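Please consult the sequence and the structure while reading.

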Amino acid sequence: MERKNVLTVSQVNSYIKSLINEIPQIKNLYICGEISNFKHYTKSGHMYFDLKDEKTKLKCVMFSSDNYKLKFTPEEGMKVICFGQVDVYERDGVYQLYVRDMHPRGVGDLTLAFEQLKAKLEKEGLFEKSGKRQRPLYPRKIGVATSNMGAAVEDIKNVITRRYPLCEIIIAPTVVQGDAAAPDIVKSLELLDSIEDIDIIIVGRGGGSIEDLWAFNTELVARAVYNCKTFVISAVGHETDFTICDFVADLRAPTPSAAAELAVPDISNEIRTVSNLFASLETNMQSIIDSEEKRIDNIIRSSPLADTTVFFDTLTNSISDLEKRITYSFKEIVSKKEGSFKSAAGALNALSPLAVLSRGYSITMFDGKPVKSEKDVKSGDELNIKLHDGNLKAEVK
């Protein structure tokens, strides 16, 4: 084997790349297929995947500089139409499709992006009714995040001023369409939410196509609405238009004018209600007064005070009966106490030494003490003899 023209791997790959680059038909291709082996690297932002059909597959890459513009998120198994060019990646010696744009097959990319984001946020619980704030009934200030040059802001101001002129309106001029709209809407929401005495925020715009309303379908705006401390009413487009912002907000209004009506009460109705309540209160108070007056009249007519003679006679008789019962009870008590006293006195007298003396006995005392034995005295001692009717002096012999 002669080895006259030996090439390096790099030379071969470079040569094949140059040949492919000379084919104009593969520079701007639309290729449809199913996404397989999809990988999206968060650090670089690049997407790598295979595009396949029933028979074969094609390696693809979509750099971050191109895929950041996608409205939807590519997923495994999704059928798509890719636009780009075929080229050779010299380092690995493979040819692949360098994708510059991508659209879902059979459905619009905006519609798909809407459904994807809706499913994602719903799974996270951003649409839960339990997380909705309670609407203030009588707001003092209302913040409005919308364009200051459209019909929507004028409708909101006119409705609020007519229905509830006590409320102050604070407008945060906002870009509501285009690439700059979503960040600007977020900025306006954060500004209004930071004002302490704002009770309600209305965010929205007038009608338009899905492209015109797209800023209100972005995750950026949805999370800003969800993170607000203030009650938020979403009023985007017409009655038939639904956006992600509507699902996240505390309340969805079909139009900006309807949002203003939902935000404030009708002062004429409130005045009418207060007047009716006041009239009802007067009627009820008068009814209570009349009822109490009748009750007092009945008490006076049925009371002993209605006839003082009968009242005092009854009272006198009661006092007389009470006096008799007290007198009888007192005599009974005295009689019982006298009997007890006489019995006790008799028993005490029977035990008294004086009673013994009255029967002829005497008590011999020496030096103030009774003489119980002859040993207690001696000859010459002077004794005191106590009789029942006197005393005698004696001397021991």
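Two strands are said to pair if DSSP finds at least two bridges between them. Helices (H or I, at least four residues) and strands (E, at least two) are DSSP runs, numbered from the N terminus. The model is predicted: local features need pLDDT of at least 70, side-chain atom pairs count only at pLDDT 80 or more, and totals for chains, interfaces and linings use all residues. Residues are numbered from 1 along each chain as its sequence is written, and side-chain values use heavy atoms, with hydrogens and water left out.

**Overall form**

The protein contains eleven helices and 14 strands. Its radius of gyration, taken over C-alpha atoms, is 57 Å, whereas a compact globule of 397 residues would have a value near 21 Å; the globule rule is 2.2 Å times the number of residues to the power 0.38. Along the principal axes, the C-alpha atoms fill a box of roughly 185 × 85 × 40 Å. Of the 397 residues, 32% are buried, that is, under 20% relative accessible area with a 1.4 Å probe and protein chains only.

An open sheet of five strands, with parallel pairing, has the order 7-6-8-9-10. Its edge strands are strand 7 and strand 10 (251–252), each of which pairs on one side only. Another open sheet, of four strands with antiparallel pairing, has the order 12-11-13-14. Strand 12 (369–370) and strand 14 (390–395) stand at its edges with a single partner strand each, so one side of each is left without a neighbour in the sheet.

| Strand pair | Sense | Bridges |
|---|---|---|
| Strand 6 (residues 141–146) and strand 7 (residues 168–173) | parallel | six bridges |
| Strand 8 (residues 200–205) and strand 9 (residues 231–236) | parallel | six bridges |
| Strand 11 (residues 363–366) and strand 13 (residues 382–387) | antiparallel | three bridges |

Ala-145 lies opposite Ala-172 in strand 7. From strand 6 the chain passes through helix 4 (residues 151–163) to strand 7 in a right-handed β-α-β crossover; with the strands pointing away from the viewer, the path from the first strand over the helix to the second runs clockwise. Arg-205 has Val-236 in strand 9 as its bridge partner. Ile-363 is placed opposite Lys-386 in strand 13.

**Pockets**

On a 1 Å grid over the protein atoms alone, a pocket is an open set of points where a 1.4 Å probe fits, with protein on both sides within 12 Å along at least five of seven lines; lining residues have an atom within 4 Å of a point. Grid points are joined across faces, edges and corners, and a volume is the space filled by probe spheres set on the points.

The largest pocket has a volume of about 870 Å³. Its lining comprises 27 residues, and Leu-70, Lys-71, Phe-72, Trp-214 and Thr-218 lie nearest its centre. Helix 3 (109–124) and helix 5 (181–193) are the elements that give two or more residues to this lining, and helix 3 supplies the largest share, five residues. The lining divides into twelve nonpolar, seven polar and eight charged residues. Here Ala, Val, Leu, Ile, Met, Phe, Trp, Tyr, Cys and Pro count as nonpolar, Asp, Glu, Lys and Arg as charged, and the others, Gly among them, as polar.

The second largest pocket has a volume of about 280 Å³. It is lined by 14 residues, with Tyr-48, Phe-49, Lys-59, Cys-60 and Gln-96 closest to its centre. Strand 1 (29–40), strand 2 (47–52), strand 3 (57–62) and strand 5 (94–104) each give two or more residues to the lining of this pocket, which divides into eight nonpolar, two polar and four charged residues.

Key: Buried < 20%, exposed > 50% of the residue type's maximum accessible area, 1.4 Å probe, protein only.
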